[in-house]
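Hi,

Here is the structure I said I would pass on.

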Amino acid sequence: MARFTVASVFERNVREARELRDLFDLLEECAQAMGFRYFALTHHVDFATLSSGGVRLHNYPIEWQDWFDARSLGRLDPIHRASHVTSHGFTWTQVPKLIQLTSGDRHILEQARRIGIGNGFTVPAHVPGEFSGSCSFAVRPSDDFPEDHVLVAQLVGGLAFETARRLANTRHAPRTGQPMTDRQRDCVLWAARGKTDWEISQILGVSHETVIQHLKHARERYGVQKRAHLAVMALFDGSISFADIFMR
C-alpha cells in the first residue's frame with residue numbers, strides 16, 4: 001500500500017468509527033501497514049487513580065502496562081514529557097534533544113526495550129482545558145524503523161487522537177447558549193491580559209461603564225462571578241486563545 005494511501009484509507013474509515021473499539025482496530029491495522037508493531041493513543045494521566053475523562057488505547061505487551069501503571073508513569077514518562085515541549089511528531093531517538101533525561105528516564109526506556117518495545121514515533125496532542133496526550137507508534141527492538149512512514153504517522157496520529165476525543169466525548173469545554181458579542185470578547189481578552197476595566201475603556205475608546213456592562217454580560221453568559229474564571233471559560237470554549245492573550 002502506497003505511503004499516503006495508508007493515511008487516506010485511515011481517514012476515510014475513521015469517519016465511520018462509532019466506538020473506541022472501532023478506533024483500536026483501525027489503529028492496529030494502520031500501524032502494521034506503516035511498518036510498526038505497536039501503537040499507543042493515550043492521555044498523559046495516572047490511569048490507576050483517574051476516575052474518568054482519560055482515553056488509553058494500545059496494543060503494547062500487558063507486562064509493560066502493568067509495570068508502567070505500578071509506577072504511576074502517566075505524567076512522568078520521558079516520551080510523554082518530551083511531547084509537552086513540541087507540537088510536531090518526533091522519533092524517540094530525538095528525545096534527549098527535547099528534554100534532559102535522568103537516570104530514571106533511561107531506566108524506563110531500557111525497561112521498555114527489555115519488554116519488547118524498541119524505537120518509536122510520537123505525535124503530541126494538546127487541547128487547552130483537557131489532559132495532554134499523544135499517539136505513538138513503535139517497533140520491536142530487532143525491527144527496522146520505517147523512516148519513510150514518519151510523515152504518514154504524523155497524519156494518522158493527529159486524526160486518531162481527534163477521533164478518540166469525539167468518541168469518548170472528552171471535550172467538556174463549557175458552552176453557552178449564544179456566543180459572546182465582538183465587544184464582549186474584546187473586553188474579556190483585555191481583561192485576560194491583566195488590564196483593569198478603566199484601562200480597557202481607554203484602549204477600546206468606550207466608557208468605563210460600558211466595559212463594566214460588557215464583562216458583566218459575558219460573565220452571565222458563562223454563569224461565573226469572577227473575571228479570572230471568565231477568562232478560563234473563554235479559553236476552554238475557544239472564544240479566545242493563549243496566542244491572543246500573549247499577542248503572538
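H58 is buried, with a relative accessible area of 17% (buried means under 20%, exposed over 50% and partly exposed in between, using a 1.4 Å probe and protein chains only). Before you read on: this is a predicted model, where local features need pLDDT of at least 70, side-chain atom pairs count only at pLDDT 80 or more, and totals for chains, interfaces and linings use all residues. Residues are numbered from 1 along each chain as its sequence is written, and side-chain values use heavy atoms, with hydrogens and water left out.

So what does H58 touch? Leaving aside residues up to four places away in sequence, the list is F24, F39, A40 and Q65 (contact means heavy atoms within 4.5 Å). With Q65, the side chains make a polar contact at 2.5 Å, and the H58 side chain also reaches the backbone nitrogen of Y60 at 3.0 Å. A polar contact is a pair of N or O atoms within 3.5 Å; within protein, one must be able to donate a hydrogen and the other to accept it, and residues adjacent in sequence count only if both atoms are side-chain atoms.

H58 sits in strand β2 (strands are DSSP runs of E, at least two residues, numbered from the N terminus). The open sheet has 5 strands, ordered β2-β1-β5-β4-β3, with antiparallel pairing; two strands pair if DSSP finds at least two bridges between them. At the edges are β2 (56-58) and β3 (90-91), each pairing on one side only. Further in, β1 (residues 38-43) and β5 (residues 133-138) pair antiparallel over 6 bridges, and F39 has F137 in β5 as its bridge partner.

Cheers

Definitions and conventions: Helices (H or I, at least four residues) and strands (E, at least two) are DSSP runs, numbered from the N terminus.
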